[in-house]
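This report covers strand pairing and the nonpolar core of one protein model. The sequence and structure come first.

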Amino acid sequence: MAEMSSAAFQAEPAFETASGTGTYEWFPREDRLIWSPGLLRIYGLTQTPHGEGGFSHLVHPEDRPRVEAETAGYLGGDADVYSHRFRIVLPDGSVRSVLDRGVIKRNLRGQVQVILGMNIDITELTGSRPRSHLIDERA
């Protein structure tokens, strides 16, 4: 199982597989990501990407500017929860749609310490069109 620093945040791998979910922790100040096996499976990867930049390259090019702007807004604001949808491109070129939700843990000065998130593979829920033609309804 991939390294997880918050034992209470870990999901049972069998549950992640059955539910099409995966969890992550992002430490923005260190630009360090920790991904669960379920998240690696959703993205078609065997290793966690290197930092936020590595993750951004997995986001569909048409969705990337919006996702980066939304993420910057979450980091710079005072929200303690977030949610957004976007498409990802797997190593084999197929496209999936994910719903990304989580909580933002801040220190007393309001600086982000860690983001605890969950991705849900919603590809099957977005319709019966071929994966390469899926669109994000917010885009």
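How many bridges join E3 to E4, and do the strands run parallel or antiparallel? Nine bridges join E3 to E4, and the two strands run antiparallel. The model is a predicted one.

**Strand pairing**

Phenylalanine 86 has valine 98, in E4, as its bridge partner. E4 also pairs with E5, again in the antiparallel sense and over nine bridges. Here leucine 99 stands opposite isoleucine 120 in E5. Each of these pairs forms a hairpin, with a positive phi at a glycine, as set out below.

| Hairpin | Residues between the strands | Glycine | Phi |
|---|---|---|---|
| E3 and E4 | five residues | glycine 93 | positive, near 90 degrees |
| E4 and E5 | five residues | glycine 110 | positive, about 85 degrees |

**The nonpolar core**

The largest nonpolar core has 21 residues. Those that touch the most other members are Tyr24, Trp35, Tyr43, Phe55, Phe86, Ile88 and Ile115. At least two residues of this core come from each of the strands E1 (21-27), E2 (32-35), E3 (81-89), E4 (95-106) and E5 (112-121), and likewise from each of the helices H2 (37-43) and H4 (64-76). H2 gives the most, with four residues.

Definitions and conventions:
Residues numbered from 1 in each chain as written. Predicted model: local features only at pLDDT ≥ 70, side-chain atom pairs only at ≥ 80, totals over all residues. Heavy atoms only, no water. Core = buried A, V, L, I, M, F, W, Y, C linked by side-chain atoms within 4.5 Å. Buried < 20%, exposed > 50% of the residue type's maximum accessible area, 1.4 Å probe, protein only. Pairing = 2+ DSSP bridges.
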